[in-house]
Every structure is written in C-alpha cells, then in structure tokens.
Amino acid sequence: MSSIIEVELDMDEMDLAKAESKATYDEIKQYVLDKAGFKVSQYI
C-alpha cells in the first residue's frame with residue numbers, strides 16, 4: 001500500500017534563520033525521514 005502526501009509551504013510566512021533557508025534537498029529528505037519517518041520522493 002502506497003500513500004502520497006502533498007505539502008505546500010508559503011516560505012514568506014516562515015521565520016527562518018539564514019542558515020536554515022539554505023538546506024539542500026538531501027538535507028530536507030533526511031530531516032523528514034528522521035522527524036516523521038517518511039521517505040520523500042521528487043516524483044509524483
């Protein structure tokens with residue numbers, strides 16, 4: 001069984017430090033895996 005979760009973020013509304021705003025795609029994938037247990041794919 002496979003599920004797709006789509007998330008839309010408005011970056012203008014987020015209060016990010018300069019270093020946080022420069023995360024790479026691989027860093028984001030790892031963060032989501034670590035925090036939520038989901039594997040992120042760039043394909044829909």
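Trainee: Is D26 buried or exposed, and what is its relative accessible area?
Mentor: This is a predicted model, in which local features need pLDDT of at least 70 and side-chain atom pairs count only at pLDDT 80 or more, while totals for chains, interfaces and linings use all residues. Residues are numbered from 1 along each chain as its sequence is written, and side-chain values use heavy atoms, leaving out hydrogens and water. Buried means under 20% relative accessible area, exposed over 50%, and partly exposed in between, with a 1.4 Å probe and protein chains only. D26 therefore counts as exposed, its relative accessible area being 54%.

Trainee: Which residue forms a salt bridge with D26?
Mentor: A salt bridge is a side-chain nitrogen of Lys or Arg within 4 Å of a carboxyl oxygen of Asp or Glu, and a search of the whole structure finds 1. Here the closest N and O atoms are 3.7 Å apart, and the partner of D26 is K29.

Trainee: In which helix do K29 and D26 both lie?
Mentor: K29 is partly exposed, with a relative accessible area of 30%. The two residues, K29 and D26, are 3 residues apart, about one turn of the helix (a DSSP run of H or I, at least four residues), and both lie in α1.

Trainee: What is the relative accessible area of E6?
Mentor: E6 is found in the segment before α1 (25–36), and, together with E8, D10, D12 and E13, E6 forms a negative surface patch. Such a patch joins like charges within 9 Å, using residues with over 30% relative accessible area and no salt bridge. E6 is exposed, at 68%.

Technical notes: Patches are made of residues with over 30% relative accessible area and no salt bridge: like charges are joined within 9 Å, nonpolar side chains (Val, Leu, Ile, Met, Phe, Trp, Tyr) within 5 Å. Accessible areas come from the Shrake-Rupley method with a 1.4 Å probe; for residues, only the protein chains shown count as cover. Lys and Arg count as positive and Asp and Glu as negative; His and the chain ends are not counted. The place of a charge is taken as NZ of Lys, CZ of Arg, CG of Asp or CD of Glu.
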